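Good morning, everyone. Please look at the sequence and the model on the screen.

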Amino acid sequence: MPLSLDEIDAFARSLKNCPKCGSSEGFWVAANREKSYVQCKYCGAILEVYEVFPGSEKGKGSKSFFRRLKQ
């Protein structure tokens, strides 16, 4: 199930600096049916946003975001 636009926007706002260039200028948000992205406004690095569910019973039901630099 794809992330909602609100969840993607909240993730983009939680990023303080670009992991590639360190800029704090901000991110553009983009999404399609299968994938969600944020793009650094300064250097153009694209981060693909994923929803991650823990594998243990302890954290069942909780979710967090994982980002990966897409080159």
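I will go through the overall layout, the core, the strand pairing, the salt bridges and the cysteines.

Two notes before we start. This is a predicted model, where local features need pLDDT of at least 70, side-chain atom pairs count only at pLDDT 80 or more, and totals for chains, interfaces and linings use all residues. Residues are numbered from 1 along each chain as its sequence is written, and side-chain values use heavy atoms, with hydrogens and water left out.

First, the layout. The protein has 1 helix and 4 strands. Helices are DSSP runs of H or I with at least four residues, strands are E runs of at least two, and both are numbered from the N terminus. Along the sequence the order reads α-β-β-β-β.

Next, surface and contacts. The accessible surface of the protein is about 5,300 Å². Carbon and sulfur atoms account for 51% of that surface. Areas come from the Shrake-Rupley method with a 1.4 Å probe, and for residues only the protein chains shown count as cover. Of the 71 residues, 23% are buried. Buried means under 20% relative accessible area, exposed means over 50%, and partly exposed is in between (1.4 Å probe, protein chains only). Now take contacts, meaning heavy atoms within 4.5 Å. Among those between residues at least 6 apart in sequence, 28% join residues at least 24 apart.

Now the core. In soluble globular proteins, nonpolar side chains tend to be buried together. A nonpolar core here is a set of buried Ala, Val, Leu, Ile, Met, Phe, Trp, Tyr and Cys residues joined through side-chain atoms within 4.5 Å. The largest one has 12 residues, including F11, F27, C40 and V49. Helix α1 (5–14), strand β2 (36–40) and strand β3 (46–52) each give two or more residues to this core. The largest share, 3 residues, comes from α1.

On to the strands. Two strands pair if DSSP finds at least two bridges between them. β1 and β2 pair in the antiparallel sense over 5 bridges. The two form a hairpin, with 4 residues between them. F27 stands opposite C40 in β2, and both F27 and C40 are in the core list.

What about charge? Side chains of opposite charge can pair when their charged atoms come close. A salt bridge is a side-chain nitrogen of Lys or Arg within 4 Å of a carboxyl oxygen of Asp or Glu. The count is 2. One joins R13 and D9, with the closest N and O atoms 3.0 Å apart. Both residues lie in helix α1, 4 residues apart, about one turn of the helix. R13 is exposed at 62%, and D9 is partly exposed at 28%. K35 and E48 form a salt bridge too, at 3.8 Å from N to O. This pair links distant parts of the chain, 13 residues apart: K35 is in the loop between β1 (27–31) and β2, and E48 is in strand β3. K35 is partly exposed at 35%, while E48 is buried at 1%.

Last, the cysteines. How many disulfides are there? The count is 0, where a disulfide is a pair of cysteine sulfur atoms within 2.5 Å. C21 is partly exposed at 34%. For C40, the closest cysteine sulfur is in C18, at 3.8 Å, so that is too far as well. C40 is buried, with a relative accessible area of 2%.
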